[in-house]
Amino acid sequence: GDTKVPMSLLEKGAYINYQRIEDNLVVVRERLRRPLTLSEKILYGHLDDPHGQDIERGVSYLKLRPDACSDTGIVVLSAVCVPMALVGVKLFASSPGVPIFPPQRVTDHFSAPQRVACQDATAQMALLQFMSAGMPTAAVPTTVHCDHLIEAQVGGVKDLARAISINKEVYDFLATATAKYGLGFWKPGSGIIHQIILENYAFPGGLMIGTDSHTPNAGGLGMIACGVGGADAVDVMADIPWELKCPKVIGVNLTGKISGWTTPKVPHTDLEKDVILKVAGILTVKGGTGAIVEYKGPGVESLSCTGMATICNMGAEIGATTSMFPFNSRMVDYLNATKRPDIAKYATQFAHNLKADENAEYDQVIEINLSELEPHINGPFTPDLATPISLFASEVKKNGWPDELKVALIGSCTNSSYEDMSRSASIAKEAASHGIELKSKFTITPGSEQVRATIERDGQIGVFEEVGGVVLANACGPCIGQWDRKDVEKGVANSIITSYNRNFTGRNDANPATHAFVASPDIVTAMAFSGSLSFNPLTDSLTGSDGKPFKFSDPTGNELPPRGYDPGEDTFQPPPSDRASVQVAVDPKSDRLQLLKPFQPFSGEPKDLPILIKVKGKCTTDHISAGGPWLKYRGHLENISQNCLIGAINSENGEANNVKNQLTGEWGGVPKVAAQYREKGVKWVVIGDSNYGEGSSREHAALEPRFLGGLAIIVRSFARIHETNLKKQGMLALTFVEPADYDKIQPSDRVDIEGLDSFAPGKNLTLVAKHEDGSKDEIALAHSFNEGQIAWFKAGSALNLMATKAKG
Ligand code: F3S
C-alpha cells in the first residue's frame, strides 16, 4: 500500500504492512468460514501461503512470513511491495518443511521484517551460528541487547562499570558482529531486552521472535512475540520462513473492574500482576503448552499497556507459546507516549484485524472477574503455586517457610514500568513519612535507561534511596542469578520476595535453600517495611515512629510520565554504513568465545546405547544447562558443556551430577561420563520425565548433550522450545507413547532405537530396552519431527543443512 509507517523510529526502510494481513485474511476466511480469534488473525495474516497452508489448531505447522516491505538490506529498493505469497512460493515451495536457502540476496527485494531480538547471553551463540551459515547480512531487522551479564553487587553505576571490564571480549564481539551483519546493538546499561522492545520496536499485529523466554512481553502492545532458541533466530535472520505448530487458543475473559487495595470488598494491589499470578495458578506451568493465551472482555480497558506487558511476559511461566491483548486505547496512549503516534493511527484504521471476531471459538476459556480478584503471592520454588494474600500467613506457618523476609526486589523486565515504580515509590514514601524503616534489604531494577532517567528526574529514585533501597543497573541482575549475594550463606534456608516472573530453585542467588516468592511490586515494597512474610499490607498494621499503628493506604502512581519520558543516555549503536571494513573480534585463545565446528551427520544404527542419566522429576533448562556463573561461557561450547545436566536428579541414587559409567562401572559427574562415552565413540541417551526442558529458551541445553555425543532425549513430555532446539542441533527428541513406560527403563539398561531407516512424520519409533537380567521391553516412542526437521537430523543439524544449501 501507499501508507508507509516505519516499524520503529530507529530503523529506516522497514514498514508495517497491515494491508497484507487484511489480504491474507480474505483468503483464509474464505477457506475456514468461521470467526477467528485475535492470534489466529495475526498468525494467518502472516502465512507464507494462505491458499495452500493446512490450518488446524494443535496439529499443522504454520509457515510464517514477514509482513512488510523493507529496504534495510544491502540493495536499494523501490517502494513497491512484491506480494509475498508470489515470491515466497517460488523460493520456498519445494518439499514441505525443507527450507531452501536463497543463494543470493534476492530476498532483499521483498524481504521483510519478522523482527528478531537477542539478549547478550543467547546472542553469542546465535551470532556464532549465523556466522557459520556463511551469509553477508541479516535478512530481517535484528537487535542485540546487553542485559544478562551484569552482576548485581553494590549498585547500578559501579556494577555496570565492572561488568563492562569483565565482559569486554564478549561485548566487543557482539558490537563488531552486529555491526558487520547489519544489526542494532544496545550497549550494556541500555536496559532489559523486553522493555527496550516495548519502548521502541513492538507494534500491534506484528510478529517477532526473540531468543529469550519472556519475549511475549511485547503482547502487551498486541504483537505476537515468541520466545525461541538461538537456532530459530538464526533461521529467521537467514530469511527462512519460520515454522510454528499452529497453536491452540486459550481465551481469558476479563470482566469487572479494578478496586483499590483498601476498598472494603476485595482489596487490591497491582491488578495486572495479580491477573497473571492467578492465571498461572489455574493453568500451572504446563497448562499453556502449545497454546496462545488471548485476553479479552470488558476488563481489558482497565489495564495499562505496560501492565498488559507484565501479564504477557509471565505467560511464559505457564508454558504458553505467547500471550497477547487486543488493540485498545491504552496501547494508543503508550504508543503516543513513546513517540509513535503514526503507528497508533495506522493500527486504528485496521483495528478490526487487531481484535478477535465475535463468537470466535477458543480451545479453553478462563473467566476472571477483576472485581473479585485478590492479590496473590506465588511460590516458593515454582511460579504456579498461587496463594491469595489473605491465606498466605497461614500457609507460611503451615509449610514452615522461613518467615523472616531477607530481601525484597522490585523491577526487572516484568515489572519496571513508570507506573510500577511510581506506585512502589508512593508506598515507600508513606512508610518513611511515618518513620518506618526498611526491615529487609530492598533493591530496585529499572527496566531501561529511559525508565531510569525518567524516575530519577521525577523523584521516585530519590524516594527509594532515601529509605535505603539500592538501585541496581538497568539489567537482569538477580532475576537471572547475576547476584553476588552476601547476606546469607549458601545452603541456609531463607526467604526473599520479588516482583520478577520466575522463581525456580536457585534461580536468583544459586542457593537451593532460598525460598523465592513472586508478587506485585506493591506487595513486595510494602513487605520490605515489615520484614515478615506473614505481614499482609492490606489488612495488617505496622507501628510508626510515633508509636501509633499505621496501615498502608492505596498505592498511587501515574501510568505514564506526565512530563514525557526522559531518554537518558544514548546507548544504541545502529549498524554503520560501511560494514565491509568491520572485523569481528574473536580471540582464538579466548575461554569465553569459540568458533563452531559442524556436528557429524547421522550414520549407523543406534544399538546398545547406554543411558547417561535417567532423570527423576522436574528437569528445567536450568538443570540441563545452569545459569549463574556459567553464563560467561555461553559463547564457548566446549567450556559450557561442563555444566551439562549437572542439576538433574539421577533416579538411581537421588543425587545430582553423579552417574555410573556403564562401560567402566565407575561413578562420576554427568558431563565427565558423557565425555568418556564420546571418547570411546559410544553414543548415549537421556531418559526424562514430564515437561522436560521447561524454563528458558537457551539452546545450550540442546547443544551441550549433542556436543558431548548424545543421540536421543526420551521423555514423558517436552517443553516446546527445548524440543525444537534439540531437533535443530540434530538430536532425537522422543516421547513415550505410554507415559508409564518411563518406569520400565532401568538406568543400567542398554537401548536400541529402531525405525530410523524409515524415519517419517507421524510414524512411531521403537525403543528396545535391554535389562541387566537379560529381559527386554519394546517401547513405542512418538516424535513430532516433520520432513524438514528429519532432514536436519540426517544432516547433523539445521545449520549443517543451511550451510550445504548456501554453498549451493
Ligand atoms: Fe529474563 Fe529476568 Fe532479564 S526474566 S530478560 S532475566 S530481567
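How do the residues of the shell around the ligand divide into nonpolar, polar and charged? There are seven nonpolar, four polar and three charged ones. In that count, Ala, Val, Leu, Ile, Met, Phe, Trp, Tyr, Cys and Pro are nonpolar, Asp, Glu, Lys and Arg are charged, and the others, Gly among them, are polar.

Before we go further, a word on what you're looking at. This is a predicted model, where local features need pLDDT of at least 70 and side-chain atom pairs count only at pLDDT 80 or more, while totals for chains, interfaces and linings use all residues. Residues are numbered from 1 along each chain as its sequence is written.

Let's zoom out to the whole chain. It holds 24 helices and 32 strands; these are DSSP runs numbered from the N terminus, with helices (H or I) needing at least four residues and strands (E) at least two. Along the principal axes, the C-alpha atoms fill a box of roughly 80 × 70 × 55 Å. The radius of gyration is 26 Å, which agrees with the value near 28 Å that a compact globule of 808 residues would have. That radius is taken over C-alpha atoms, and the globule rule is 2.2 Å times the number of residues to the power 0.38.

What sits inside? Of the 808 residues, 57% count as buried. A residue is buried if 20 or more other C-beta atoms lie within 10 Å of its own, exposed if 12 or fewer, and partly exposed in between, with C-beta atoms placed from the backbone. In soluble globular proteins, nonpolar side chains tend to be buried together. Here, the largest nonpolar core has 226 residues, and Leu174, Met237, Leu612 and Val685 touch the most other members. Such a core is a set of buried Ala, Val, Leu, Ile, Met, Phe, Trp, Tyr and Cys residues joined through C-beta atoms within 7 Å. Leucine 174, leaving aside neighbours within four places in sequence, is in contact with Asp120, Ala123, Leu127, Val144, Cys146 and Phe185. Being in contact means that the C-beta atoms of two residues, placed from the backbone, lie within 7 Å. Among the chain's contacts with a separation of 6 or more, 78% are between residues 24 or more positions apart.

Some helices are tucked away too. Helix H8 (residues 230-237) is largely enclosed by the rest of the structure, because eight of its eight residues are buried. One of them is Met237. Just after H8 comes aspartate 239, with a positive phi of about 65 degrees. Helix H22 (residues 720-728) is also largely enclosed by the rest of the structure, since nine of its nine residues are buried. Its buried residues include Arg720, Glu723, Lys727 and Lys728. After H22 you'll find glycine 730, whose phi is positive, near 85 degrees.

Now for the domains. The chain is divided into domain 1 (5-370), domain 2 (378-550) and domain 3 (609-807), with bounds that come from an automatic or database domain assignment. Domains 1 and 2 meet in a contact that takes 40 residues from each of them. On the domain 1 side, helices H5 (156-166), H7 (193-200), H9 (271-283) and H10 (305-314) each supply at least two residues. H9 gives the largest share, six residues. That side of domain 1 divides into 13 nonpolar, 18 polar and nine charged residues.

Which brings us back to the ligand. The shell around the ligand draws at least three residues from each of domain 1 and domain 2. Fourteen residues surround the ligand, and the closest are Ser412, Cys413, Cys476, Cys479 and Ile480; a residue is near a molecule or strand if its C-beta atom, placed from the backbone, lies within 6 Å of it.

Take a look at serine 412. It is found in the loop between strand E16 (405-411) and helix H14 (418-433), and it counts as buried because it has 30 C-beta neighbours inside 10 Å. Most residues other than glycine have a negative phi, and most peptide bonds are trans. Serine 412, though not a glycine, has a positive phi of about 80 degrees. Aspartate 608 isn't a glycine either, and its phi is positive at about 55 degrees. With 14 C-beta neighbours inside 10 Å, aspartate 608 counts as partly exposed. As for peptide bonds, a cis one joins glycine 379 and proline 380, with omega about 0 degrees. Proline 380 lies in the loop between strand E14 (376-378) and strand E15 (386-388).
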